[in-house]
Each structure stands twice: as C-alpha cells, then as structure tokens.
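Student: Please take a close look at the strand pairing in one part of this structure. I would then like you to carry the description on to other parts in one connected answer.

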Amino acid sequence: RQHEGPRRVKRAWVIPPISVSENHKRIPHLLVQIKSDKQQPGGVIYSIKGPGVDEEPLGIFSIDKFSGKVFLNAMLDREENDRYRLRAFALDLGGVTLEDPTDLEIIVVDQNDNRPLFRQDVFTGHVVEGAEPGTCVMTVDASDADDPDTDNAVLRYSILDQGTTGMFSINATTGEICTARPGLDRETMGVYNLTVQAADMSGDGLTTTAMAVIYLEDINDNPPEFTKEEFSMEVEEQAAGVDVGKVFVHDKDLVGSPSWLAKFTILEGDPEGAFTIRTDPHTNDGVLSLVKPLDHEVRDRFELTVSVQNEQPLEPTAPASPRALATVRVRVRDVNEAPVFRENPRRISVLEGTPPGTAITTYTASDPDTHQIQTLTYALLYDPADWLQLDPHAGTVRTKRELLHPSAFLQGGWYIALVLARDDAEPPLSATGTLSIEILEVNDHAPQLQPPAGVLCGRPGRGGTLLLGATDDDRPPHGAPFHFQLSPQHPQLARNWSISRFNVTHAVLAVLAELPDGPYSLPLLLRDSGTPPREQQQLLNVSVCHCGRDGTCQDGVLAAATAGAGITLGALLIILGSSILLLVLAALGAVRVRGRRRALRKGLLERSRDDMRDNILNYDEQGGGEEDQDAYDINQLRHPELFSPRAKPPVRRDAPLSSGTPLAPRKLPNSPSDIEDFINEGLEAADSDPSVPPYDTALIYDYEGSGSVASPLSSIVSSLTDEDQDYDYLSEWGPRFRRLADLYG
C-alpha cells in the first residue's frame, strides 16, 4: 500500500471569521451554520465552547446541536470586547469525535456610540498681560472610546465662546490655545473664560465641551498716583516718634504685588530731617511720622513735597508718565512745655568757711513757651547738709551756714544739690537742675611744730643735730612743703644754730658752736606752701646734753623724758634701746620694792612695843579713819602756840627757789567744824614751804610739841635702821630714778 500523504481538512469544517455589529438589536440573530463532512446514519452532535458560551460573559452565543446553527443571544459592546474566539466540536451519537475542533472567531464591528471626553472639566492657564499674538497659553485634550482606526474616534477642537474680544484661538487638531491679537490688559480684564468643544467623526460626529480659564499675570505698567494733590495734618510740639497722618495713593496694578507696592520720598520742606514717611503694607498709603520733636516757638508750620513710585520699576512697554507729587501741610500745635535749665549741671566754686548769707550763684531756668505768659518759681529739691537757701523767685542761691571742709556730704570735694523749677500752667510742669559746688580749700592754718621739744648733743659734728617736723590741718596744696627757719627777730641765734631742709615735711636743727649743757628756747618761723602762705613763730625747747664719745648724750634718756618727744639723730637707736631696758628694770624694781615694803611693815609692828595706841590699824594709809579718836592730840592743832618749835626745820632740796616761807601764826579755828579748812590751808602752805619734807612724804601740818602721848608720824621713818633706809639701789635703775636716790639717799 502506498503511504497516504497529509490529510486535507474539509472546507466545510473550516469556518471563516464572522463579523457582527455592536448594539445589534434583533435577537436572537443567526451568525453562521457549521457542518461536518462526516455525516453518520444516526446524525452528528455539534457544540461550541469559549467566552460568551461557557465562560464569562455567559449566554451571549448558542448553537443548535443537531443543525449546527450559531446564534447571537445578546447585544454586543465593542468597547467592552471587540472579538470572541470560540471552539466548535462535531461528535457522533456515542460521543466519539468525528472532526478535530475548529476555531470560530466572531468580530464585533464598531459603531459611533461614544462621545469624546475632555480629561478635565476646567482647564486653567496663565499669560502675562500685553503678550504678543501667537503666545501659547495651554492645551486642552479629549479622548474617544470608539475604534481609533475609524472616524468614530477622530476628534476636532474649537472655541465655542470667548466673549466679544476674540483674543484667543485654538488648534483644531492639537487643542493648543494661543493669543490671537495684542492688547491683553489685566487692569481691563484680568480673566478670560473660554468654552471649548471636541467633536468626533472629524468634527461631524458626537461633541462635548469644557471650560478654559485664562488668567492674565500683572506687570508693572501702571505707576501709583495720589488721590489728591494736597494733604493737611496737625501735630503737637515736643512730640517725637508719633504718626502725624496719612497720604493716600491708588495703583491699578495687582494689589499686594511688587508692582502695586508704593515707596514714598520727602523731596522738600524738611531740611532738619524731622519727618519720615513709610508705606502701610496693607493699604499702600504713606504714613508721615516725626523722628525729632518740633518747637512751636521756632517754627509753627511745615510744607512738605512728597513723591511716590513703585518698589519695582515700570516695564519698558508701560506708557510714560510724570512722577506723582503731592503737597503735605503740617501745623505745629502749641502746648505747655517744661522749664529748661540751659546749664545742667551748673558748676561753681566756693571757698570753705564762706559766711552764712553769702550769694554764691543765681541758678535759673528758661520757659520755652515764649508765646505764653508764665512765671517760674524755684525750690531746693535736695540739700543733704542743709547748707543752702534759695530765693524762690530770683533763683539766687545763698549759704545758710558755713561750708565746712572736710564733710561727710562732700564727694571728692564737691557738694551736690538739686534745684526744682516749676511753671504756673495747668497742669504745671517742672524741671530739675543739678548744682555742683566745689568747696575750695583755704589756707587758714599755719604749720605746727611737731614735736615742740627735743634733745641734742651740744658739740658740733658729734651728734649735735635734731630732726624737726611739722603738720598742717589744711589739705594740699596749702600744706607741705614746709619752710623752717630761725626767727628773723633774733639774728643772734644764727651764730650757734642752723636749720637745713631734710624733706618736704622735716628739717634738721644743728649746733654751730659747742654749747654748755642746759635748756634752750629757740623761736622758729614755720611757713607752709599755701596761697597765700601762712606762717607762725613757735618756740622749740631744746635740751643740750653732755656729749659722750659716740656723739650721744650721756644723760640722753633723762633729757628725752624731761624735754618731750624730740629725737636726736645721733642717739635715736640708743634712746630706743634704753627705753626698752628701762621698762624691764622698772618691772623688776617694782617687784623688789613691793617685797621690801611688806618686810618693813612686818618689822615695824614687831619693834613698836612701847606703842600706847592699841587702836592703830594697818590700813597702809596716812589717816586712821573716823574711829581713830585717840591717835593724835587734837589740842596741838587747836593751840599751836603752846608747842612752838625749838629748832629750824630742814630745808627741802626740791623746793622752788621763789617759794616763800609760810606765815605764822595762822588763824585758829573757831569750832571743831573749821578743822577741815584749817588742815587744807596748812596743806597748801606746806606744798610751797621749802622747810618741809618733799611732796610725796608725810607732811607736817603743824608742830606737835614735845612730850606728846602720841609719837610723831615721822618717827615711823626715823625708827628704821640704816639698812632699811638704804636707797642706793635706786641709782641702778637709771637716770630717771637718780634724783630720788639723791633725795632719800
């Protein structure tokens, strides 16, 4: 058998694509009849499968299983599904496949059943005013759901309405909107509303519309202008930092834009720069304000020339116009002003010690209100020391008391007072002036010699110098340097003495010839450096001592004590050392004397066995007290003539040479109550009597006579042994105690 070639598919079983129009309304509609070439005696069973049959969407297509006719059972929509691909089957009655499955393709034919749709209902665009023709603003676009390969989806654009201006045109194919003519002016019409249309079938089919809104952007093509040519304002004098008023302008450009914002300038009428003008950012008006206070008495009105322009310059395409100018008239209103101290503070100088009632200055204020008649009065607002008095009408300041220097109320030599000036307006105003008074130092004190005495050696060149000093109660420049000199009234002093300057406050006194020991009084003339200088003659007490080998006084310590606190230049260190040694020896000696006195009192009581007075108590004092009635024979005091002295009393060694002898007899007391006066008179006479013991011993008020029952008080001392009365140890205590040793030794 020959091999069979490829089997040829029967033409009856091959089904070409079937086209059916969408929206077909006659349902059911026969689309095609399929037929198998293998016809069986019992017949063939036909079936179809696929979308629209047994797949979504279901029920659109069906087939008669015996005849093979395929029906459309529902309306089709190409925009939902533009074709359907089905599979056709042929089976015998037993379900055996007679033919291989074949494809059945159903194509949905488009109809113009969809209008064009704009992508948005309102389109927005912007273009600057004055744009040239052909300037494109925006593009509107639409879409169509119909078959794009047919005229059903071919769109055309057009402008249905844009008013009467005709300023814009649209490209029919692309939908681009552009300016069609010049003359776009935002100030005339700032917004254009266009109605645009899209139509399919190349403009002959279905249509739709949308809105195209075009905004004109502002440019500075309009300068600002004043609402009027003149403005009038008023302001109080002496006000500063306040707003005077506003000038109003109008600008056609967009409110709030840089093309609208105004800038003001004062061109004339304000040479002092008292005014300034700024722009209110909300209203674009000019606000005139003061930066300096005005004075009605100096100038009561101003006429200002003000210009205005935009912050942003005008566009070159804007029409030329002159600069906007306006006149602003400002009247200065007069108000009450406070008095003014032209000189504040007032500084004056017053000499210290100026007597009370002296006029030192006239401190007055002036009233700026020259156009008003007002009276000023004055008062002291601050006078801490109560030194001043002030005339309330004339303002004359006088001293109320003497101005002293130094004082706690002075600050660096200045006294500060405050003066209040007040006018009589309603309400009254006042001002305060500061009065600074310099208290000038007056040279009212001459220098004083300090110390006024001294000790020096009497041999030239061998310690014969003394350092002199001085003090002055005046403050500089009326004090040091001081000038020391020997009194010109005693020129003979220059033969033995000389004074040379040591520094500004001290000088050196020197001996020129060897002088005998003893006291000297030198009149010195001291002068200060004040203006005018003050000078005073003073005595310098100098003790000239015997010079030792080292140029110091052999008796320097004693001389220093008796002559004062003068300082010998050559013996300064020796005196200081002697003073320290003296203090130590004095302390040791005091202890020794105290112990000796205790031993003396103890021995005295033991030895006085013949003492008939059993009521004498050891009080360590001269009198016995009120209870001591029998210690003395009072008759000796009442009748001294009965107990006249038989021998002349000893003369006291330290008595002054001019002292006289006491007068005797004295007047006796008339009664016991006069005894006190009698004793006091005797005491006074004994102090100046050279024939009685020294001042620091028991005094004899009168002669007690002989044979007295009571022994004289001096017997206490005379009864002591020579050993107890040894005062030689006083010589060991130095020159200060040597005189005591001479008196009692």
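Tutor: L486 stands opposite L524 in β39. Strands here, like helices, are DSSP runs numbered from the N terminus (E over at least two residues for strands, H or I over at least four for helices). The model is a predicted one, in which local features need pLDDT of at least 70 and side-chain atom pairs count only at pLDDT 80 or more, whereas totals for chains, interfaces and linings use all residues. Residues are numbered from 1 along each chain as its sequence is written, and side-chain values use heavy atoms, with hydrogens and water left out.

β36 and β39 (residues 518–527) run antiparallel and are joined by four bridges; two strands count as paired if DSSP finds at least two bridges between them. They belong to an open sheet of four strands with mixed pairing, in the order β34-β40-β39-β36. β34 (453–457) and β36 (483–486) each have a single partner strand and stand at the edges, so one side of each has no neighbour in the sheet. From one strand to the next, the twist averages 40°, taken between lines fitted to C-alpha atoms (for helices, over the stretch in contact), with angles from 0 to 180 degrees between N-to-C directions.

Antiparallel pairing also occurs around β6. Strand β3 (residues 45–49) pairs with β6 in this sense over five bridges, and I48 has A88 in β6 as its bridge partner. β7 (residues 97–109) is also an antiparallel partner of β6, over eight bridges; R83 stands opposite I107 in β7. Five residues lie between β6 and β7 in the hairpin that they form, and G95 in its turn has a positive phi of about 90°.

The side chains of β6 (residues 83–91) alternate. Y84, L86, A88 and A90 point to one face and are buried, where buried means under 20% relative accessible area, exposed over 50% and partly exposed in between (1.4 Å probe, protein chains only).

N222 lies between β16 (207–217) and β17 (225–226) and is buried, at a relative accessible area of 15%. Its side chain makes polar contacts with the side chains of D221 (2.8 Å) and E187 (3.2 Å). Such a contact is a pair of N or O atoms within 3.5 Å; within protein, one must be able to donate a hydrogen and the other to accept it, and residues adjacent in sequence count only if both atoms are side-chain atoms. Leaving aside residues up to four places away in sequence, N222 touches E187, D251, K252, D253, S259, N310 and L314, contact meaning heavy atoms within 4.5 Å.
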